[in-house]
Amino acid sequence: MKKILITILILSASLFAVSDKAVVYDLTTGDISRFEQRILSGIGHNMTHYEGKLETLKVAVIIHGESYKFFIKNFKGSSFAKDKALAKVHKEFGERLRSLVKFYKVEFIVCGSGIKHRKIKESDLYNFVSVTPNAAIGLIDKQADGYAYIPTR
């Protein structure tokens, strides 16, 4: 009887077990609609999917290529200020990024060599963005930690 009870407890516990999944987005796009679709909306949809299955999804985004402009906090004072399309959505995008960090604990990690090359200071970035020496190191580290790789071009 004791063995049966223990078996039932183990089986019922496994029904409610939360499994962790992890994904790293390789973000290089500078296209506003792709960024909105794949990062701002896509991450939330993916999170909701896994929450509905009682699973968790850890998300990291490695920022490089043409995507730096989405993570500049003082847009008007930046080299991207002439981008009229981005100027229209910059404030909204910043709020949505903050929400991804606050509610879903998304990690945003920028390529250190890329910002240096483009003369972007760390202080120019949102405070929730961390820096990795370069994008390859960031991607290698996350994949070594079990994160699935998704290119976002």
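This report describes the fold, the central sheet, the aromatic residues and selected loop residues of a predicted model.

## Overall architecture

The protein chain holds 5 helices and 5 strands. Followed along the sequence, these elements give the pattern α-β-α-β-α-β-α-β-α-β. Of the 153 residues in the protein chain, 40% are buried.

Contacts across the sequence are also part of the picture. When contacts between residues at least 6 apart in sequence are considered, 73% of them join residues at least 24 apart. The protein chain has an accessible surface of about 9400 Å², and carbon and sulfur atoms account for 58% of that surface.

## The five-stranded sheet

The strands form an open sheet of 5 strands in the order S4-S3-S2-S1-S5, and their pairing is parallel. S4 and S5 are the edge strands, each of which pairs on one side only. On average, neighbouring strands of this sheet are turned by 30° against each other, with direction ignored.

In a regular strand, side chains alternate between the two faces of the sheet.

## Strand S1 and its two neighbours

Strand S1 covers residues 20–27 and is mostly covered, since 6 of its 8 residues are buried. In the sheet order, S1 stands between S2 and S5. S1 pairs with S2 in the parallel sense over 8 bridges. One of the residues involved is Lys 21, whose bridge partner in S2 is Leu 57.

## Aromatic pairs and the ring cluster

A pair of aromatic rings is described by the distance of the centres and the angle of the planes. The count of aromatic pairs in this model comes to 7. Phe 71 and Phe 108 form a tilted pair, with 5.3 Å from centre to centre and 50° between the planes. Phe 71 belongs to the loop between S2 and helix H3 (84–104), whereas Phe 108 belongs to strand S3 (residues 107–111), so this pair ties together parts that are 37 residues apart in sequence. Phe 71 counts as buried because its relative accessibility is 1%, and Phe 108 is likewise buried, with a relative accessible area of 1%.

Tyr 126 and Phe 128 form a further pair. Their ring centres are 5.1 Å apart and their planes lie at 10°, so this pair is stacked; the cut-off for stacking is an angle under 30 degrees. Both residues fall below the limit for burial, which is 20% relative accessible area: Tyr 126 is buried at 5% relative accessibility, and Phe 128 is buried at 16%.

The cluster consists of Phe 35, Phe 70, Phe 71, Phe 93, Phe 108, Tyr 126 and Phe 128.

His 64 is located in the loop between S2 and H3.

With residues up to four places away in sequence not counted, His 64 touches Asp 26, Leu 27, Thr 28, Cys 111 and Ala 135. Among these contacts, Asp 26 and Leu 27 fall within the residue range of S1, and Cys 111 falls within that of S3.

## Loop residues with positive phi

Leu 54 has a positive phi of about 60°, although Leu 54 is not a glycine. Leu 54 lies in the loop between helix H2 (32–52) and strand S2 (56–63).

Lys 119 is another residue other than glycine with a positive phi, here near 60°. Lys 119 is found in the loop between helix H4 (112–117) and strand S4 (129–132). Lys 119 counts as exposed because its relative accessible area is 72%, and the cut-off for exposure is over 50%.

Note on methods:
Residues numbered from 1 in each chain as written. Predicted model: local features only at pLDDT ≥ 70, side-chain atom pairs only at ≥ 80, totals over all residues. Heavy atoms only, no water. Helix = DSSP H or I, 4+ residues; strand = E, 2+ residues; numbered from the N terminus. Buried < 20%, exposed > 50% of the residue type's maximum accessible area, 1.4 Å probe, protein only. Pairing = 2+ DSSP bridges. Phe/Tyr/Trp six-rings, centres within 6.5 Å; stacked < 30°, edge-to-face > 60°. Contact = heavy atoms within 4.5 Å. Axes fitted to C-alpha atoms, helices over the stretch in contact; angles between N-to-C directions. Areas by Shrake-Rupley, 256 points an atom, 1.4 Å probe, with all protein chains shown as cover.
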